[in-house]
Amino acid sequence: MVPLYMYLLVAAGMFCIGVYGVLARRNAVAILMSVELMLSAVNINLIAFWRYGAPTLIAGQVFAAFVFVIAAAEASVGLAIIISIYRTRRSVTVEDVNLLKG
Amino acid sequence: MLQLNVQTIAFFIFAIFALGGALGVVTSRNLIHGALYLIVSLFGGAGFFVLLSAPFIAVVQVLVYIGAIAILIIFAVMLTRSMTGMRELFNSQWWVSALVGVLLFILLAVAVIFPMWGNSGSEGSQPKSDQVATTQDLGVALVDGNQYVLPFEVASLLLTGAMIGAIVIARDTTED
């Protein structure tokens with residue numbers, strides 16, 4: 001099989017691209033998509049460590065399943081917030097959302 | 001060392017899907033294209049799960065991520081008309097962000113290839129056994145009182161709360 005570190009490198013690359021997207025994009029929907037990328041990279045890491053480290057136990061797959069649950073909840077609530085912001089501010093650019101700025 | 005067989009070739013194809021899609025997500029100006037790139041990237045992830053002999057997780061990735069979350073994002077893009085009228089793609093701190101991303105990747109790559117604990121990355125990186133827990137084991141573990149039944153119930157509560165919360169937040173309050 002492909003050695004473990006290659007999976008880890010690909011997952012690290014996906015995670016770092018996601019970090020860049022979260023920090024640099026101006027559109028809130030794009031930021032949410034980058035967060036999804038980061039969660040997916042973490043899932044690849046979990047499954048890879050499970051397969052190479054403890055394949056007879058089930059904990060790795062269970063953890064990945066819970067990451068899916070968190071990702072679904074995060075996406076639904078995040079997109080609802082974005083739509084609500086769009087209704088009041090007519091914009092989804094994060095720099096326009098500064099009501100809480102002191 | 002790497003042997004050139006079907007698994008290795010499939011790994012590299014899925015790696016190109018995952019990384020190329022990820023790059024497309026953060027650089028595409030049109031957000032619909034970004035969402036489609038996200039689907040490509042998540043599909044690459046599902047291929048990894050198949051290669052890692054976790055077929056159930058791969059199917060869940062396709063159903064939940066590609067089938068639900070990506071479609072939800074496309075709906076949000078269309079509802080907010082956010083792909084038009086975007087003057088600049090990145091904010092003023094984009095080069096600092098790129099620096100942070102590259103430095104983080106270098107740190108992670110060094111830590112993966114030259115780990116300070118245990119075996120180094122290039123040796124001892126094969127699976128410990130060919131015996132793999134099956135999807136049946138996963139199903140039993142999720143409802144077994146001695147294993148993961150409590151987190152499972154908490155997860156279902158969280159999903160219910162997120163669903164109700166999303167409806168309440170996104171509801172149009174101007175009409176009533």
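Helix 3 of chain A and helix 6 of chain B pack in this predicted model at an angle of about 10°, with their axes 8 Å apart. An angle under 35 degrees counts as roughly parallel, and the two helices, helix 3 of chain A and helix 6 of chain B, are therefore described as roughly parallel to each other.

A second pairing between the chains brings together helix 2 of chain A and helix 3 of chain B, whose axes come within 11 Å and cross at roughly 175°. Since angles over 145 degrees count as roughly antiparallel, helix 2 of chain A and helix 3 of chain B are therefore roughly antiparallel to each other. Helix 2 of chain A contributes A:Val29, A:Leu32, A:Met33, A:Glu36, A:Ser40 and A:Ile47, while helix 3 of chain B contributes B:Ile57, B:Tyr65, B:Ile69, B:Ile73, B:Ala76, B:Val77 and B:Thr80. The class count for this contact is ten nonpolar, two polar and one charged.

These two pairings can be set within the whole contact between the chains, which takes 65 residues from chain A and 76 residues from chain B. On the side of chain A that touches chain B, at least two residues come from each of helix 1 (4-24), helix 2 (28-53) and helix 3 (59-89). Helix 3 of chain A gives the most to that side, with 20 residues. By class, the side of chain A that touches chain B holds 48 nonpolar, twelve polar and five charged residues.

Taken separately, chain A consists, in its secondary structure, of three helices and zero strands, in the order α-α-α along the sequence. Its C-alpha atoms fill a box of roughly 50 × 25 × 25 Å along the principal axes, and the radius of gyration of chain A is 17 Å, whereas a compact globule of 102 residues would have a value near 13 Å. Of the 102 residues in chain A, 59% are buried, and among contacts in chain A between residues at least 6 apart in sequence, 49% join residues at least 24 apart. Chain B has six helices and zero strands, which run α-α-α-α-α-α from the N terminus on. For chain B, 24% of the 176 residues count as buried, and 47% of the contacts between residues at least 6 apart in sequence join residues at least 24 apart.

The largest nonpolar core has 77 residues, and those that touch the most other members are A:Tyr7, A:Ala11, A:Met14, A:Val29, A:Met33, A:Ile47 and B:Ile73. The elements that give two or more residues to this core are helix 1, helix 2 and helix 3 of chain A, along with helix 1 (6-27), helix 2 (31-51), helix 3 (55-80) and helix 6 (149-170) of chain B. Leaving aside residues up to four places away in sequence, A:Met14 touches A:Leu37, A:Ser40 and A:Ala41 in its own chain, and B:Ala18, B:Leu19 and B:Ala22 in the other.

Two individual residues complete the tour. A:Asn43 is found in helix 2 of chain A and is buried, because 26 other C-beta atoms lie within 10 Å, where 20 or more are needed. Apart from residues up to four places away in sequence, A:Asn43 touches A:Ala64, A:Val67 and B:Gly45. The C-alpha atoms of A:Asn43 and A:Leu32, eleven residues apart along the chain, are separated by 17 Å. B:Ser53, in turn, has its place in the loop between helix 2 and helix 3 of chain B, and the phi of B:Ser53 is near 55°, a positive value in a residue other than glycine. B:Ser53 counts as partly exposed because it has 18 C-beta neighbours inside 10 Å.

Note on methods
Residues numbered from 1 in each chain as written. Chains lettered and ligands numbered in written order. Predicted model: local features only at pLDDT ≥ 70, side-chain atom pairs only at ≥ 80, totals over all residues. Contact = placed C-beta atoms within 7 Å. Helix = DSSP H or I, 4+ residues; strand = E, 2+ residues; numbered from the N terminus. Nonpolar A, V, L, I, M, F, W, Y, C, P; charged D, E, K, R; others polar. Rg over C-alpha atoms; globule rule 2.2 N^0.38 Å. Buried ≥ 20, exposed ≤ 12 C-beta atoms within 10 Å, placed from the backbone. Core = buried A, V, L, I, M, F, W, Y, C linked by C-beta atoms within 7 Å. Axes fitted to C-alpha atoms, helices over the stretch in contact; angles between N-to-C directions. Parallel < 35°, antiparallel > 145°, perpendicular 65-115°, else oblique.
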